[in-house]
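Welcome! Please take a look at the sequence and structure below, and then follow along for a short tour.

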Amino acid sequence: MTVLVTGSRGRGASTLIGLLDAAGIKVTAASKNPADLSPPHGVDTVRCDLTDPTTFDAALTGTDAVFLYAEAAHAGTFADRARAAGVEHIVLLSSSSALAPDAAGNAIATSHLAAEHALSTAADTGAFEATYLRPGAFASNALQWSRALRTGHAPALPYPHAHGDPIHERDIAEAALAVPTDHAAAFRP
Ligand SMILES: NC(=O)c1ccc[n+]([C@@H]2O[C@H](COP(=O)([O-])OP(=O)(O)OC[C@H]3O[C@@H](n4cnc5c(N)ncnc54)[C@H](OP(=O)(O)O)[C@@H]3O)[C@@H](O)[C@H]2O)c1
């Protein structure tokens, strides 16, 4: 199995690349700017800009599964090209905002829902399996507090006594790893 990981400069994607490589699964690290990547030794890189469909075919060649960032404008084209390339599974990094009661009026939710919908439309025809990861706030968002903390200030929060359960990007990456590998195992004779 070969897994194409898009957005490889991102924290979740780069963690997933390490997990796939450590598991002995062939992975290609895709990014808008592959020159900026420092993947593990032996991991190939390829340019895949999710806002530029002309980059999709070369990146998808020989790919069985994809970890995809939610770029709504071209998600339908990406799904079409993935189907043409014989991709069997796409794992989309969506957002818990898609589950919110006010999702239809929330810009973050609607962009993730549009990407989910584009994949669902293709998946419903049997093109490939699609799985949507819907994490809430990333734990690394707290790094934004570092400047204030270093200078002895409290982080500026709109609701300082509110409770949240942020998720670490490694947990998201481990969920993303489990989906295509469990899927492949289920079909193994
Ligand atoms: N931050 C949160 O709390 C949170 C919570 C839930 C969902 N999400 C979703 O997770 C995704 C990434 O979150 P992040 O920016 O916080 O962290 P990140 O993992 O650091 O993502 C940044 C990198 O991911 C790629 N990327 C991200 N979004 C993309 C898009 N829409 N189209 C094309 N490439 C994209 C780019 O990689 P390359 O330049 O290498 O191609 C970019 O450098 C977003 O879709 C966001 O809505 C975030």
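## Salt bridges

A salt bridge here is a side-chain nitrogen of Lys or Arg within 4 Å of a carboxyl oxygen of Asp or Glu. By this rule the count comes to seven salt bridges. One of them joins Asp36 and Arg9, whose closest N and O atoms are 3.1 Å apart. This pair links distant parts of the chain, as its two residues are 27 residues apart. Asp36 is in the loop between strand E2 (26-31) and strand E3 (44-47), while Arg9 is in the loop between strand E1 (2-5) and helix H1 (11-22). These elements are DSSP runs numbered from the N terminus: helices are H or I with at least four residues, strands are E with at least two. Arg9 is partly exposed, at 43% relative accessible area; buried means under 20%, exposed over 50%, and partly exposed in between, using a 1.4 Å probe and protein chains only.

Arg47 and Asp49 also meet through their side chains in a salt bridge, with 3.8 Å from N to O. Which of the two is buried? Asp49 is, at 10% relative accessibility, whereas Arg47 is partly exposed at 40%.

## A pair within one helix

Arg83 and Asp80 form a salt bridge too, at 2.9 Å from N to O. They are separated by about one helical turn because they sit three residues apart in helix H3 (residues 75-85). Arg83 is partly exposed, with a relative accessible area of 38%, and Asp80 is partly exposed with 37%.

## A nonpolar patch and an exposed alanine

On the surface, Trp145, Leu149 and Leu157 form a nonpolar patch with about 280 Å² of accessible area together. Patches are made of residues with over 30% relative accessible area and no salt bridge, where like charges are joined within 9 Å and nonpolar side chains (Val, Leu, Ile, Met, Phe, Trp, Tyr) within 5 Å. Areas come from the Shrake-Rupley method with a 1.4 Å probe, and for residues only the protein chains shown count as cover. Leu157 lies in the loop between helix H5 (146-150) and helix H6 (169-187), and Leu157 is partly exposed at 40%.

Is Ala58 buried or exposed? Ala58 is exposed, with a relative accessible area of 59%, and its place is in helix H2 (residues 56-60).

## About the model

This is a predicted model: local features need pLDDT of at least 70, side-chain atom pairs count only at pLDDT 80 or more, and totals for chains, interfaces and linings use all residues. Residues are numbered from 1 along each chain as its sequence is written, and side-chain values use heavy atoms, leaving out hydrogens and water.
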